[in-house]
Amino acid sequence: MKFFTVVLFLFFFISCTVEDDYVPFQIEQVFSDDLQQTIKVDIIYVQPSITSSQSSFNLDETAFIQNLNGSFFHRYGIGLEIGDIKTLVNDELYDLRDNSGEESRVFLTQTQNLYNKNRMNIYVVKRAHTSAIAGIGKDQRALITDEFLFTPTAPHEIGHALGLFHSTIEGNVMSKIRPHMRKDFTNAQVDQMKNTMKKIENF
Ligand SMILES: [Zn+2]
């Protein structure tokens, strides 16, 4: 008897849990002045309402955006620019461990009316069992656990947020297998991301 695996995209949001994405990677940095599409990225730190338990995020936002551009996006004519740095006080999102299995739904509902539709919105959290979550398509929201910000999980989630589904090609940024090898986008994926960006009223 043969079994067929049917993958249905029932959920608008995808939770991307990966185990071996801790492996450090080296990608040659490429920067370009010839960019066809750019998008501003707002970085939103999620904090709890109790001030004494708030996390300190030691993220160098400029280095984060620079790494994404140099390692993944500039070579395809896509540029990310740093937007606003914000804080969101939200207890549900802050400790996603309380919402195991429900992360995508919680993220979707808790940020529904808050995000800037003209930008890429990256929510940074510390406490989650999932490495990252992203919306697909014209809904540029991604949530990334801070320890994954400098791994290929970050461009993977941005890819989702710019309309990309998973790829079966090994080494592709949108691959679910061997996440530490994620490196490339296909031409079709680049076109799709650029088309999504065109539809966004930038700035
Ligand atoms: Zn994914």
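User: How many aromatic pairs are there?
Analyst: The count comes to five aromatic pairs. Keep in mind that the model is predicted.

User: What about Tyr-45 and Phe-57, how are the rings arranged?
Analyst: Tyr-45 and Phe-57 are stacked, with 4.9 Å centre to centre and 25° between the planes.

User: Where do the two sit in the chain?
Analyst: Tyr-45 is in strand β2 (residues 37–47), and Phe-57 is in the loop between β2 and α1 (61–73). The two are twelve residues apart, and the pair links distant parts of the chain.

User: Are Tyr-45 and Phe-57 buried or exposed?
Analyst: Both Tyr-45 and Phe-57 are buried.

User: Next, Phe-64 and Phe-150. Why is that pair edge-to-face?
Analyst: Because the planes of Phe-64 and Phe-150 are at 70°, and planes over 60 degrees apart count as edge-to-face. The ring centres of Phe-64 and Phe-150 are 5.9 Å apart.

User: Which elements does that pair link?
Analyst: Phe-64 is in helix α1, while Phe-150 is in the loop between β6 (141–145) and α4 (153–161). The residues are 86 apart.

User: And what is the relative accessible area of Phe-64?
Analyst: For Phe-64 it is 0%, so that residue is buried. Phe-150 has 39%, so Phe-150 is partly exposed.

User: Which residues form an aromatic cluster?
Analyst: Phe-73, Tyr-76 and Phe-185 form one aromatic cluster.

Key: Residues numbered from 1 in each chain as written. Predicted model: local features only at pLDDT ≥ 70, side-chain atom pairs only at ≥ 80, totals over all residues. Heavy atoms only, no water. Phe/Tyr/Trp six-rings, centres within 6.5 Å; stacked < 30°, edge-to-face > 60°. Helix = DSSP H or I, 4+ residues; strand = E, 2+ residues; numbered from the N terminus. Buried < 20%, exposed > 50% of the residue type's maximum accessible area, 1.4 Å probe, protein only.
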